[in-house]
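This report concerns the packing of a helix pair and the aromatic pairs in a structure. Please consult the sequence and the model shown here.

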Amino acid sequence: MLDNISNLNISLSYPFLFLIGVAIILLLCSAFGKFHRTFYVGTSALSLIVSTFLILSNVSSFGLGTSKAFLGTLNNDIFSFYGSLIILCFSFLYLLMQKDENKGEFYSLFMFMISSLLLMVSSSNLVLIFIGLESSSLALYTLIAMRGTHNAVSSAIKYFTLAAVGSGFFVMASALIYMKTGTLDLDTKLALEKDPILLTAGVMIFVLCAVKLSLAPFHFWLKDVYFATYSNLAAFISVVPKIAMFVVVLRLFGFFDHIGFENIISILAIFSMLVAAIAALSQKDIKKMFAYSSVVHSSFVLAACIPLFDTKEGVLNPIFIYWVLFSFSNYGVFLILSNFRFTSFENLNALLVKKPLIALSLAFCVLSLAGIPPFGAFWGKVIVLKTLIIEDYWYLAVFMALASVFMLYSYLKVIIHALFVKNSSEAFCVQFNFIQGFVLAICVLISIFGVIFIKI
């Protein structure tokens with residue numbers, strides 16, 4: 001019996017089991033004691049660091065992709081490794097930069113959500129993916145609604161309603177996959193080609209993926225959530241849950257290889273990036289504009305995933321590099337916006353005169369998101385375009401370039417109001433504390449010098 005237990009490789013589950021334990025402790029502390037906000041932030045941040053070391057310890061002990069746990073349902077492959085590190089890194093940065101939440105239960109729910117996301121990226125079994133997805137989503141809905149305003153509650157309900165429909169499609173697709181293949185493991189290599197039942201299941205399961213990635217036309221919840229929630233939480237939503245879903249998408253692409261699924265995904269990616277880029281032009285609120293920006297960048301990464309249908313060589317690195325560079329720039333923008341009471345474009349007027357360092361930091365991060373050389377996200381976009389062209393998906397590269405041109409006009413509006421409009425507005429901007437300034441400095445430096453972190 002002891003041999004059977006040792007074969008389970010329970011240590012692969014330690015990173016998220018540890019976070020669940022911390023979440024329970026924080027929940028008890030908030031219920032039966034009165035602790036300062038710094039206690040919850042410090043405990044949560046420290047637990048994320050410990051979880052990171054547990055992941056690195058597992059990689060050191062077992063290697064990457066050489067072992068599984070719990071009857072093959074948990075993996076320590078390259079997908080889970082990259083995805084887990086990005087989730088933990090940007091969750092840690094979020095805890096450092098956020099300043100709006102003082103409730104202990106917020107941090108407990110946050111740790112439950114991160115542990116669920118780690119489970120989600122570590123599993124190739126549809127049941128565990130669904131459990132991790134729904135657990136993290138329920139926590140996220142609550143975190144959005146905890147701001148307490150009418151807009152926050154209504155946007156959380158809208159997100160929950162739309163995602164619940166997607167979850168129904170996911171469960172039905174899982175049933176079709178099991179009926180056809182007799183397995184729920186996405187690591188299984190299918191011998192069937194262009195099977196209509198599997199193709200139908202692929203489309204249905206991707207409905208939920210499209211909702212979570214906020215791809216058009218499943219993006220209607222995103223603008224309301226961005227506008228209603230705190231700016232720093234909006235930055236978190238735009239990065240961390242999406243990278244977890246992208247890992248699931250990568251596993252799905254490997255599972256549905258050779259059944260004609262790539263044509264459907266190509267059409268969705270092109271439609272999503274163009275619709276969002278055009279819709280961003282008419283926005284009068286900066287946060288709503290960046291909601292559409294998030295849709296465009298998600299569509300770019302989805303397009304970068306499509307070559308996985310043909311080859312896995314040289315495709316994964318561009319995907320994760322691009323997302324990391326985008327994430328740092330996005331965090332920098334929303335960290336600056338979190339210091340504004342209102343976020344219309346006019347509130348940025350004369351920012352260069354009032355706060356020159358903040359204005360320049362905002363400009364550098366926005367230029368990076370726009371893909372202007374030599375800033376960070378430009379190099380991520382270059383290696384994605386290079387990969388698409390090499391793999392003979394040149395038409396996707398053309399539409400990515402076209403969507404980038406449309407988005408450029410929206411990004412330039414931010415820069416014009418912040419740097420070139422001299423008429424003063426009622427902008428409300430406070431001083432950053434030391435930790436927030438440190439996080440912003442990291443985001444700006446990576447937005448400027450991101451090229452040193454990659455090899456083209």
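## Helix packing

The crossing of α3 and α5 is right-handed (the near helix is turned clockwise from the far one by less than a right angle; left-handed if anticlockwise). This is a predicted model, in which local features need pLDDT of at least 70 and side-chain atom pairs count only at pLDDT 80 or more, while totals for chains, interfaces and linings use all residues. Residues are numbered from 1 along each chain as its sequence is written, and side-chain values use heavy atoms, with hydrogens and water left out.

Helix α3 spans residues 37-62 and helix α5 residues 104-122; their axes lie 9 Å apart at an angle of about 15°. The two helices are therefore roughly parallel (angles under 35 degrees).

## Contact residues

From α3, the residues R37, Y40, V41, S44, S47, L48 and S51 meet G104, Y107, M111, I114 and L118 of α5 (contact means heavy atoms within 4.5 Å). This contact comprises seven nonpolar residues, four polar and one charged.

## Aromatic pairs

The whole structure holds 23 aromatic pairs (ring centres within 6.5 Å). In one of them, F39 and Y40 are edge-to-face, at 5.4 Å centre to centre with 70° between the planes (edge-to-face means over 60 degrees).

Technical notes: Axes fitted to C-alpha atoms, helices over the stretch in contact; angles between N-to-C directions. Helix = DSSP H or I, 4+ residues; strand = E, 2+ residues; numbered from the N terminus. Parallel < 35°, antiparallel > 145°, perpendicular 65-115°, else oblique. Nonpolar A, V, L, I, M, F, W, Y, C, P; charged D, E, K, R; others polar. Phe/Tyr/Trp six-rings, centres within 6.5 Å; stacked < 30°, edge-to-face > 60°.
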